[in-house]
Amino acid sequence: MRYPVAVWEENGTFSATVPDLPGVITEANSIDELVSNIEEASLGWMEAEIDDGRDIPKPSLVEKLFKDEDYKNCIWMFADIDLDKLSDKVERLNICLPSRAIRRLDTMAKKAGRSRSGFLTQLIYTVSP
């Protein structure tokens, strides 16, 4: 999805915010770095919203944002956020683990009442990055 991004430049530093994603604010020393930071911050914000059971807002029309005083003197750009990176589509994964680790994983999964895959998924979502 293409989200409008408000960008300001001051003394060679670029700062940006994504109005449709409250709290997504970043800065960088170059536009290329800024684009990367915007995508990373936006995906992180969206993932937290999904984890909390909230919907991701649709992008606003930039024309609507032109009238907002908070964004006067900014330059507008668009961030193309790849929502496929947030997909919960199941994918097959082939990994190698020592036999002892697999036995320990199976024991932990059984105690939790889950399959190996279910246990690993639960673990990933409960451990903060």
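Started with the largest nonpolar core, which comes to 18 residues in this predicted model. I listed the residues with the most contacts inside this core: V5, V7, V18, L21, L34, I38 and M46.

Next I checked where the core residues come from. α1 gives the most, with five residues.

I then picked V5 and asked what it touches beyond its neighbours within four places in sequence. The contacts I noted are A16, T17, V18 and P19, then I38, and then the run I75, W76, M77, F78 and A79.

Looked for another core as well. There is a second, separate one of six residues, and A6, V62, L65 and Y71 are among them.

Moved on to pockets. How big is the largest pocket? I get a volume of about 900 Å³. Its lining runs to 24 residues, and E91, L93, S117, T121 and I124 are the ones that lie nearest the centre.

Which helices line it? α1 turns up again, supplying at least two residues, as do α3 (99-111) and α4 (116-126). The most comes from α4, with six residues of the lining.

Last entry: I sorted the lining of this pocket by class. The tally is 12 nonpolar residues, eight charged and four polar.

Notes:
Residues are numbered from 1 along each chain as its sequence is written. This is a predicted model: local features need pLDDT of at least 70, side-chain atom pairs count only at pLDDT 80 or more; totals for chains, interfaces and linings use all residues. Side-chain values use heavy atoms; hydrogens and water are left out. A nonpolar core is a set of buried Ala, Val, Leu, Ile, Met, Phe, Trp, Tyr and Cys residues joined through side-chain atoms within 4.5 Å. Buried means under 20% relative accessible area, exposed over 50%, partly exposed in between (1.4 Å probe, protein chains only). Helices (H or I, at least four residues) and strands (E, at least two) are DSSP runs, numbered from the N terminus. Contact means heavy atoms within 4.5 Å. On a 1 Å grid over the protein atoms alone, a cavity is a set of points where a 1.4 Å probe fits but cannot get out, and a pocket is an open set with protein on both sides within 12 Å along at least five of seven lines; lining residues have an atom within 4 Å of a point. Grid points are joined across faces, edges and corners, and a volume is the space filled by probe spheres set on the points. Ala, Val, Leu, Ile, Met, Phe, Trp, Tyr, Cys and Pro count as nonpolar, Asp, Glu, Lys and Arg as charged, and the others, Gly among them, as polar.
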